[in-house]
Amino acid sequence: MSYDPENIFAKILRGEIPSEKLYEDDHTYVFMDIMPRADGHCLVIPKTPARNILDATPAQMAAVMETTQKMSHAVMAAFGAGGVTIQQFNEPAGGQEVYHLHFHVLPRHEGVSLRPPGKLEDREVLAANAQKIRDALAA
Ligand code: 5GP
């Protein structure tokens, strides 16, 4: 399976479609998931092409994991969460829907289940939650 440069996250990286940006460094980019399964659900991606962990280089994996750890602390602080869930899917059989490597970061509260997938969040709610995370990153 090869990398398709027309996937939606590649378009986000090129600025062709908008995203609610939270963080970026030389190697990674982080933005809000538009169908969050928890408040603060965000996605960490490499800036360079990788379809998923099956073709990612060790350097891409290292960069994305470093940012995933940073975002885990930020979303927990932003939402007063007691924990964080990291999700990552590979190929259709593995549940992947967008074919640019990404890690889901989901702040969690004791006894609160993840919401079902597939529900678009209100734009203002997404923006307000994004600002909480940016504030936590800046603190
Ligand atoms: P996965 O490939 O990990 O199964 O799921 C892809 C994730 O990307 C889903 O959680 C979905 O809500 C999110 N997603 C799909 N399209 C867009 C989009 O255009 N913008 C953003 N920010 N997230 C998206």
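Trainee: Hi! Where is Met 35 found?

Mentor: Hello! This is a predicted model, and in it Met 35 sits in the loop between strand 2 (28-32) and strand 3 (42-46).

Trainee: Is Met 35 buried or partly exposed?

Mentor: Met 35 is partly exposed, because its relative accessible area is 33%, and buried would mean under 20%.

Trainee: Which residues form a nonpolar patch on the surface?

Mentor: Ile 34, Met 35 and Leu 120 do, and together they have about 280 Å² of accessible area.

Trainee: Let me step back a bit. How many helices and strands does the chain have?

Mentor: There are three helices and five strands. Reading from the N terminus, the order of the elements is α-β-β-β-α-β-β-α.

Trainee: And how compact is the chain?

Mentor: As compact as a globular protein of its length, because its radius of gyration is 14 Å, close to the 14 Å that the globule rule gives for 139 residues. If you like to think in boxes, the C-alpha atoms fill one of roughly 40 × 30 × 25 Å along the principal axes.

Trainee: What share of the 139 residues is buried?

Mentor: Buried residues account for 40% of them.

Trainee: On to the ligand. How many residues surround the ligand, and which are the closest?

Mentor: The ligand is surrounded by 16 residues, and the closest are Met 32, Asp 33, Glu 97, His 102 and His 104.

Trainee: What does His 102 do there, in terms of distance to an oxygen atom of the ligand?

Mentor: A polar atom in the His 102 side chain is 2.5 Å from a ligand oxygen. Backbone atoms come in as well: Gly 95 has a polar backbone atom 2.8 Å from an oxygen of the ligand, and for Val 98 a backbone N or O atom is 2.9 Å from a ligand oxygen.

Trainee: How much of the ligand's accessible area does the protein cover?

Mentor: The ligand on its own has 520 Å² of accessible area, and the protein covers 87% of that.

Trainee: You mentioned Val 98. Where is Val 98 found?

Mentor: Val 98 belongs to the loop between strand 4 (83-87) and strand 5. Val 98 counts as buried, because its relative accessibility is 18% and the limit for buried is under 20%.

Trainee: How far apart are Val 98 and Asn 52, in sequence and in space?

Mentor: They are 46 residues apart in sequence, and their C-alpha atoms are 9.3 Å apart in space.

Trainee: What about His 104, where does that one lie?

Mentor: His 104 is part of strand 5 (residues 103-108). With a relative accessible area of 10%, His 104 is buried. The side chain of His 104 also makes a polar contact of 2.8 Å with the side chain of His 41.

Trainee: Changing topic: how many salt bridges does the count come to?

Mentor: The count comes to eight salt bridges. As background, side chains of opposite charge can pair when their charged atoms come close. One of the bridges joins the side chains of Arg 134 and Glu 20, at 2.5 Å from N to O.

Trainee: Which parts of the chain does that pair link?

Mentor: Distant parts: Arg 134 is in helix 3 (residues 123-138), while Glu 20 is in the loop between helix 1 (8-13) and strand 1 (21-24), 114 residues apart. Arg 134 is partly exposed at 23% relative accessibility, and Glu 20 is partly exposed at 24%.

Trainee: Which residue does Lys 21 meet in a salt bridge?

Mentor: Lys 21 meets Glu 24, with 2.5 Å from N to O between the side chains. The relative accessible area of Lys 21 is 35%, so Lys 21 is partly exposed. Glu 24 is partly exposed too, at 36%.

Trainee: And what about Arg 115 and Glu 121?

Mentor: Their side chains form a salt bridge as well, at 3.9 Å from N to O.

Trainee: Last one: what is phi of Glu 91 near?

Mentor: Phi of Glu 91 is near 65°, a positive value in a residue that is not glycine. Most residues other than glycine have a negative phi. Glu 91 lies in the loop between strand 4 and strand 5, and counts as buried at 15% relative accessibility.

Definitions and conventions
Residues are numbered from 1 along each chain as its sequence is written. This is a predicted model: local features need pLDDT of at least 70, side-chain atom pairs count only at pLDDT 80 or more; totals for chains, interfaces and linings use all residues. Side-chain values use heavy atoms; hydrogens and water are left out. Patches are made of residues with over 30% relative accessible area and no salt bridge: like charges are joined within 9 Å, nonpolar side chains (Val, Leu, Ile, Met, Phe, Trp, Tyr) within 5 Å. Accessible areas come from the Shrake-Rupley method with a 1.4 Å probe; for residues, only the protein chains shown count as cover. A salt bridge is a side-chain nitrogen of Lys or Arg within 4 Å of a carboxyl oxygen of Asp or Glu. Helices (H or I, at least four residues) and strands (E, at least two) are DSSP runs, numbered from the N terminus. Buried means under 20% relative accessible area, exposed over 50%, partly exposed in between (1.4 Å probe, protein chains only). A residue is near a molecule or strand if one of its heavy atoms lies within 4 Å of it. A polar contact is a pair of N or O atoms within 3.5 Å; within protein, one must be able to donate a hydrogen and the other to accept it, and residues adjacent in sequence count only if both atoms are side-chain atoms. The radius of gyration is taken over C-alpha atoms; the globule rule is 2.2 Å times the number of residues to the power 0.38.
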